[in-house]
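Here are some exercises to work through with the structure open beside you. Try each task before reading its solution.

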Amino acid sequence: MAAIKTARSPSASRARRGRVLPDDACPTCGTKMVEKRGTLRLPVNGEETSVQSARFLGCPKCGEIVLRFQDSKRLHEDAIAIYRTKHGLLSADEIRVIRERLGLTQANLARLLRLGANTVSRWESGRNVQTAAMDILLRLIRDLPGSIDYLRGHPA
């Protein structure tokens, strides 16, 4: 499979190698790119995850693949959702429900779990996926009364 590239701004594409290329031209060979759908692979938590029916621009001549910004974002979100399903992890919505049920902000939950300030936000928006260990801890918080009080009483 050819390397995946994210489409740059039109001015950046034209500036490559001193040539002026049309916006829909392949950055490698200059041939007009064609919109396609197919399977693309993306690493999630160190594991390659296949996303079916991903949208991308493909060069019919050299095989180069370019992703537009919105297609790249969707590919990442789909890969994370597939990874979560495959490994039986809580979904972004389930994490949000746990946090809201406990009356916590994202920053509060992150502090209790000894995480970076934006980690919970990334989980809930689908930009990142929790590890299996964090998933178990989230389930314990959800399912065991008093577990949140325990975390509050045992600061790092």
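**Exercise 1. Find which residues make a nonpolar surface patch of about 270 Å².**

Step 1: Set the rule. A patch is made of residues with over 30% relative accessible area and no salt bridge; like charges are joined within 9 Å, and nonpolar side chains (Val, Leu, Ile, Met, Phe, Trp, Tyr) within 5 Å. The areas come from the Shrake-Rupley method with a 1.4 Å probe, and for residues only the protein chains shown count as cover.

Step 2: Apply it. The patch consists of I136, L140 and L144.

Step 3: Look at one member. L140 sits in helix α6 (residues 132-143); helices are DSSP runs of H or I with at least four residues, strands are runs of E with at least two, and numbering starts from the N terminus. With 36% relative accessibility, L140 is partly exposed, where buried means under 20% relative accessible area, exposed over 50%, and partly exposed in between (1.4 Å probe, protein chains only).

A word on the ground rules: this is a predicted model, in which local features need pLDDT of at least 70 and side-chain atom pairs count only at pLDDT 80 or more, while totals for chains, interfaces and linings use all residues. Residues are numbered from 1 along each chain as its sequence is written, and side-chain values use heavy atoms, leaving out hydrogens and water.

**Exercise 2. Decide how many disulfides the structure holds.**

Step 1: Require a pair of cysteine sulfur atoms within 2.5 Å.

Step 2: The total is zero. C29 is in no disulfide, and its nearest cysteine sulfur, that of C59, is 3.4 Å away. C59 is likewise in no disulfide, with the sulfur of C29 as its nearest at 3.4 Å.

Step 3: Check their cover. C29 is partly exposed at 25%, whereas C59 is buried at 3%.

**Exercise 3. Describe the largest nonpolar core.**

Step 1: A nonpolar core is a set of buried Ala, Val, Leu, Ile, Met, Phe, Trp, Tyr and Cys residues joined through side-chain atoms within 4.5 Å.

Step 2: The largest has 15 residues, and L109, L113, W123, L138 and I141 have the most contacts inside it. Two or more residues come from each of α3, α4 (106-112), α5 (119-125), α6 and α7.

Step 3: Leaving aside neighbours within four places in sequence, I141 is in contact (heavy atoms within 4.5 Å) with residues including I98, L102, L113 and L151.

Step 4: Another core, apart from this one, has 14 residues, among them L42, V44, V51 and A54.

Notes:
A salt bridge is a side-chain nitrogen of Lys or Arg within 4 Å of a carboxyl oxygen of Asp or Glu.
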